[in-house]
Amino acid sequence: MIEGIDRLNEVEWEVKPGFVPEMRVPGKFFLSDSLAETLEEGAIKQLANVATLPGILKYSYGMPDIHWGYGFPIGGVAAFEMETGIISPGGVGFDINCGVRLLTTPLKKSDLGKPKRLINELFHTVPTGVGTRSEKKLSADELEDMMCEGAKWAVNMGYGTPEDLNRCEEKGFMEAADTDFVSKKARLRGMPQCGTLGSGNHFLEIQEVSEIMDPEVADKFGVSKDQICVMIHCGSRGLGHQVCTDHLKDLESATKKYHINIPDAQLACAPIKSDEGKAYFGAMAASANYAWANRQMITHMVREIFEKVYKIDYSDMKLVYDVTHNVAKYETHVVNGQKTEVCVHRKGATRAFGPGCHDIPHELSDFGQPVIIPGSMGTSSYLLKGTQTAMEKTFGSTCHGSGRIFSRSKAKKSAQGAEIKDELEKKGIFVKATSNKVIAEESPEAYKPSSEVVSVVHKAGISLEVARLEPIGVIKG
DNA sequence: ATGTGC
């Protein structure tokens, strides 16, 4: 193991102050022995770098899917004190509100017929791939409303039901959105891309519930054994990417202006309450809203296809929940025994609020928030529940699932897309993608196994397993 | 992740 790190128990490790100079708090990460074999020292250094930032509270955290990212590690969580703390685009990531939602159906596998037909239909309806455009081109006014109201805007436009909003983190939109700080360039990228899936590890997957670990909670979440579900994983597309790019530049100068010492230029940041910090937060929230509306529009397309192909009702496909994997938020947490407002950055991490917390759907309040962990292509996905332990240990946070072991370029070299597609098809998983290249890049071997990642957070108690889902068919960009 | 080197 790496020097300067203590193992606390089976799944918890501590990075001692001094691992890098000027750490204000220790680092803490969650890992199993087998995941430790593929741990990148660079990611732990990034975790330690985050611990040097002003106003950081308790720990700089790493989830078991931690890997090297831009400035902050992916699979990282850090909370900052509101007066002395900072906000940083690197702590959120380029794909603002990349997230995932799970939809149920009243169908079983035997009702599906040939999944190939369904997958083809989905592939031809949901725009997929880099730079793809939507059939609906937004007007400037519509984009403005979409950025202010997120999934609520989409539902008002007819892309879903009010019940959907109840099953989204933040009810599907952040009120803090301030579109004054979204550039013209970002808007121009966003206008033609609403309701598109994107590329990379984004996907739309047909899944079967293969195992129920917590029958009572699965029932409350609306999930049952052998049920067919749909998982949608995508983000804010070119708009969020542009917002991140624009504000990084702005915050690089702000870092100097406010005399913040950072060990890595990629940690560019500004005080939370500074003009620059507030501008980034407002634009980030607008991008997050774009992503929620985007997933809501894709949900609508999926429901219409299922209605057409399987003659089921639109309302038979209920939303279990929608979580974000990349966001910064103001939240109230207990710090030193006091309820305190803090700014939590989650980058490749999921909120996992426990029973009784605010912003959990009322009917699920006794059980904790649904947590959705997508697997990599061809591997299991998981439904978990948030816990009180997460509230106490990790500012109500857990893993997000897709932790790379090696880079896209290395994945491409080590695997052929066509072969992976054939192998998955032999296992009964039908993959339809815009190119074999993206299949090679997303090869399951390029990722930490989702089962192992989930097992660690379960053992640590920061979220608990409710159900496992296996892929049947997937579309990718 | 991304109008996929700047």
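Author: An axis here is a line fitted to C-alpha atoms, for helices over the stretch in contact, and angles run from 0 to 180 degrees between N-to-C directions. Helices are DSSP runs of H or I with at least four residues, and strands are E runs of at least two, numbered from the N terminus. The model is predicted, and local features need pLDDT of at least 70, side-chain atom pairs pLDDT 80 or more, whereas totals for chains, interfaces and linings use all residues. Residues are numbered from 1 along each chain, chains are lettered from A and ligands numbered from 1 in the order written, and side-chain values use heavy atoms, without hydrogens and water.

Helix 8 passes helix 9 with axes that come within 10 Å and cross at roughly 170°. The two are therefore roughly antiparallel (over 145 degrees; under 35 is roughly parallel, 65 to 115 roughly perpendicular, and the rest oblique). Their crossing is left-handed, that is, the near helix is turned anticlockwise from the far one by less than a right angle, clockwise being right-handed. In helix 8, R237, L239, G240 and H247 are among the residues that meet helix 9, whose side includes E276, Y280, M284 and N294 (contact means heavy atoms within 4.5 Å). This contact comprises 9 nonpolar, 5 polar and 4 charged residues; Ala, Val, Leu, Ile, Met, Phe, Trp, Tyr, Cys and Pro count as nonpolar, Asp, Glu, Lys and Arg as charged, and the others, Gly among them, as polar.

Helix 9 (residues 275-310) also packs with helix 3 (residues 115-125), at about 140° and with axes 10 Å apart. That angle makes helix 3 oblique to helix 9, and the crossing is right-handed. Residues of helix 3 such as L118 and L122 meet residues of helix 9 that include V302, I305 and F306. The contact holds 8 nonpolar, 1 polar and 3 charged residues.

A polar side-chain atom of R237 lies 2.6 Å from a phosphate oxygen of DNA strand B, and one of H241 lies 3.5 Å from a sugar or linking oxygen. Helix 8 (237-257) and helix 6 (184-190) are the elements that give two or more residues to this surface. Helix 8 gives the most, with 4 residues.

How values were computed:
A polar contact is a pair of N or O atoms within 3.5 Å; within protein, one must be able to donate a hydrogen and the other to accept it, and residues adjacent in sequence count only if both atoms are side-chain atoms.
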